[in-house]
Amino acid sequence: MRSWLRNRRPTSISLTSISLAPLSPPELDGRITPFAGTVACCWRISACLQELVLIVEEIDGRIDAGETPTMNDATDSHERYTHLDGLRGVAAFIVLIYHLIYFFFTPFIESDPTDFWVRIVASSPLAGIYNGRFSVWIFFVLSGFVLSIGVSRSGQSLLALLPKRYVRLTLPILATSLIAFLLIRLDLTWNLAVADVAPGMGQYYPADFRPSLWDVISDSLFRTYLTGQSAFNGVLWSMKVEIAGSLLVFLVWKICPTRLWRVAVCLCLTVGLCFLKKSSTLQGLQLFPCGILLFDLVTVRDRRSRWLNWSPITGFFVLLLGVSLGGWLVKDPALPGAHLIFTWLLNPIMDIKRFEAQQIGAVLVVAALCLTPAFRQPLSGPLVRWLGQISFPLYLIHGIVIASVGCFVLAHMMPKFGYVVAASAATAVSVACSLIVAALLVPLVEQSAIRLSHRLALWIESLAERRRAFR
């Protein structure tokens, strides 16, 4: 039977290839009975299901063959943007380090540290290397860039793109939230045991937090996107911005297919969204149009000329400027840095605060890495690319690992070895466990989410094609 089905494989994956005309049922010796009618109906349904199986297999074959670009494998016919995957991986790792510092070595990220040497470090460009909020801004710029690659090549409708993006984000969120739910219900979270020495951890999972399974499902499927908050995972605040920014990118590409109009609209959106209130849960939304602008800039350079290729010196200067702005953590830095551009030169003209400066720094970092060929090779190495492959699971799971494994190590080692040694050991164990769990989630959850999202988009496109065919 299966070989017979494969021999009848349709040449098109459109649902219009399914024939709804009466098919020939098994021979019933001319008897017209209710039983015969039921058998005939079941025969027709089974035939339609057989055609659907062929369509799904055809879709799987196209996905496995790589005909549909994925968000983690942005390509074109001339160039692979593997360095952007590497940058995404480095940014996710920085978020992990930032939260470890936030929970276990808090003075290094305070806005007004009292210790002299801590203030020196927090005022230097080194702060840009461990500022997690700065890395999230980089994520948003990269999302605008990478989504533009996919939209410009897929030709899919908005009706298919948005559900595809939703499934791509939601399935990993749901999986990691279920992990947090199980740890909470099994009393395997140790954050309350170290609340006295690590106050930030005491607020991660409160003592009276006993969620139900419906809480996990509703939180993952819609509450996170609507409120920008999650009771299971603190990093999910960014998902509201991510889904809104994705919709914004799709709308810009569908409304403005020509580059000139797209650039004009993105410039207006970037300026207009900068006036969002600091308390808004959509902070950073203006970085998605910046990603579209960078994509158009890079594609113009690749297709027409090389005058936009920056030299290593120019790229290094822009990169250093961006990292310095991203490291603006202290209100009044003890060292001179890029923040002086805003505090001394531009203050009479515009009032730019630390978050705005960090967002500008994120755009500069991504621009430097996109326009400086010398920077692509270091971000295309095997280790960095591996970090890029596990970046989304790593971003989602690391807070849960810190609240369980990291706090367990800290609580059991601190009475014997003191806080510094115990916190250092907890940091090392949390990093190792986060990387391992994230790597396991890639084949178990990440790849399935990507495949399912592409199947859903192709199915929606097929339904739309069928509807057009019946008109």
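Biologist: At what angle do the axes of helix α3 and helix α16 cross, and how close do they come?

Modeller: The axes of α3 (residues 82-104) and α16 (residues 382-389) cross at roughly 70° and come within 7 Å, an axis being a line fitted to C-alpha atoms, for helices over the stretch in contact, with angles running from 0 to 180 degrees between N-to-C directions. This is a predicted model, in which local features need pLDDT of at least 70, side-chain atom pairs count only at pLDDT 80 or more, and totals for chains, interfaces and linings use all residues. Residues are numbered from 1 along each chain as its sequence is written, and side-chain values use heavy atoms, leaving out hydrogens and water.

Biologist: Why are α3 and α16 called roughly perpendicular?

Modeller: Angles of 65 to 115 degrees count as roughly perpendicular, under 35 as roughly parallel, over 145 as roughly antiparallel and the rest as oblique; the crossing is at roughly 70°, and therefore the two helices are roughly perpendicular to each other.

Biologist: What makes α9 roughly perpendicular to α10?

Modeller: Helix α9 (residues 213-227) packs against helix α10 (residues 237-255) at about 85°, with axes 7 Å apart, and that angle makes them roughly perpendicular. The contact (heavy atoms within 4.5 Å) joins T224, Y225, L226 and T227 of α9 to M239, K240 and I243 of α10.

Biologist: How do you know that D187 is exposed?

Modeller: Exposed means over 50% relative accessible area, buried under 20% and partly exposed in between, with a 1.4 Å probe and protein chains only; D187 has 54%, so D187 is exposed.

Terms used: Helix = DSSP H or I, 4+ residues; strand = E, 2+ residues; numbered from the N terminus.
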